[in-house]
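Subject: Structure for you to look at

Dear colleague,

Please find below the structure that I promised to hand over.

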Amino acid sequence: MTRTAQRHLLLNMTANGSLAKPGKDLFVVRHGEGPYVDDAAGNRFIDGLSGLYCCQIGYSYAEEIAEAAEKQLRELCYSPLWSESAHPTGLALAERLAALAPEGIEHVFFSGGGAEAVETAWKFARRYHTLRGEPGRIKAIARRGAYHGLTLGALSFTDDPGLTEPYGPPAVETHFVANTNRTALEQPLDETAFTEYLLADVEATVLAAGPDSVAMLIAEPVQNRGGCITPPEGYWQGLRRLADRYGFLLVADEVITAFGRLGEWFGGECYGARPDILTVAKGITAGYAPMGATLVADHVAEVINQPGEVLNHGYTFSGHPLSAAIALRSLDIMERDRVLENVRGLQGHLAQRMASLGDLPIVGDVRGAGFFYAVELVGDLDGGGFSDTARATLVADLIPRGLREAGLLARVYNRAAPLVQIAPPLISDGALLDRIADIIAATLDEASSRL
């Protein structure tokens, strides 16, 4: 299989040429059950990252999902949501999502995934302002270190030179503001002062860019890139006030945080967010099929939908009947099996277990919410950085290898701020969460002893 990948498969976000190195083997997942996956050799692992933040209900609902998929395929395999044409499953899912969404957000545009959902949010923002007589609103604001997708529009809002520079100037002029990472502060601030500092930075950036030129601000309720960065109290309410004051749209990128990851259908509800537009993907189908969606507030849709205006935007597989049927069945399962209640009931326990890792010398910070946590690592240099030797032996080798050998799939970032991140399936019980925490603790304890 490694040789097949070398010859034919271009893996995402991968140094594909490295597969040719002697002794380098492709990690192949062949089977899933509950919160576990098995590799091609039959080894079992806890899926500590829910695939890629999307397998909310794990891997044991295939029969139910397949039943819904078969029924849909027998009735209708494909029909576009295009040119005054729709199909019942897409309509049903739009209605379902509108019922789950925050008050005032009742319009849904489907896409194939998260990056397409973000692209759609940008187009909607531009169209909204143009139709209101402000075509000069052509700029966006995003947060430092954020990731919002890899298509050219979404890449404009992604602050990572390694991802952006190979493709030249951004498609959208984007100004970046401070994210909500408290550990990046030179001096500690209390919650109120931190919120004021962050909002002042946003306002100053808007004023510098030109208030009449800013179309939207995009942010995740909990920022994934940089390690599960949670907002301080009052932050999202402050963003809402600034959006209202200066006329730009507020976009909550919920591609990761929606559908139970933080214990609510939409993670922004944990922080009092009132966005104009929401972007979702991943958990909408619990990983059983590809799908994304952009949810739009009524006041935005009213402008875009005014009589005579054509929404010149679309995707061939927008709201595909198969994906829509799978999403509906997945939502049914989550409600029936009280999956959100499971997260709410265990999130305090997971928070305590993760916080206990802070006692280890190699741990600089532990942060997150719900079933979404990161451990930021500190190294052997003054200020917490890693020497080249420590980074190569610990972050790039011992920690990821130790986690996997102990049976846990987690994400280990080896970038500016090395991290260990988990996002377990939302069906995980307390014993499994304890096992995850124990494996991380043992692995990081070993790394600390060598630091």
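The buried residues of helix α11 are covered by, among others, α3 (62–75), α4 (88–100) and α12 (339–355), where helices (H or I, at least four residues) and strands (E, at least two) are DSSP runs numbered from the N terminus, and buried means under 20% relative accessible area, with exposed over 50% and partly exposed in between, for a 1.4 Å probe and protein chains only. This is a predicted model, in which local features need pLDDT of at least 70 and side-chain atom pairs count only at pLDDT 80 or more, while totals for chains, interfaces and linings use all residues. Residues are numbered from 1 along each chain as its sequence is written, and side-chain values use heavy atoms, with hydrogens and water left out.

Helix α11 itself takes in residues 321–336, and its 16 residues reach 22 Å from the first C-alpha to the last, close to the 22 Å expected at 1.5 Å a residue (the expected span being 1.5 Å times one less than the number of residues). Its buried residues include Pro321, Ile326, Leu328, Leu331, Ile333 and Met334. Serine 330 also lies in this helix and is buried, with a relative accessible area of 0%. If residues up to four places away in sequence are not counted, serine 330 touches Ile57, Ile65, Ile284, Thr285 and Ala286, contact meaning heavy atoms within 4.5 Å. After α11 comes arginine 338, which has a positive phi, near 55°.

Strand β3 (residues 44–47) runs parallel to β13 and is joined to it by two bridges, with aspartate 47 opposite leucine 409 in β13.

Another open sheet is formed by four strands in the order β11-β12-β15-β14, with antiparallel pairing. Its edges are β11 (363–369) and β14 (411–413), each of which has a single partner strand, so one side of each is left without a neighbour in the sheet. The twist in this sheet averages 15° from one strand to the next. Three bridges pair β14 with strand β15 (residues 419–422) in the antiparallel sense, and tyrosine 413 stands opposite leucine 419 in β15. Helix α12 lies across β11, β12 (372–377) and β15, at about 10° to β12, while helix α13 (residues 388–405) packs on the sheet, touching β12, β14 and β15, in a direction that makes about 170° with that of β14.

As for the chain overall, it has 14 helices and 15 strands, and buried residues make up 52% of its 451 residues. Of the contacts in the chain with a separation of 6 or more, 71% are between residues 24 or more positions apart.

Technical notes
Pairing = 2+ DSSP bridges. Axes fitted to C-alpha atoms, helices over the stretch in contact; angles between N-to-C directions.
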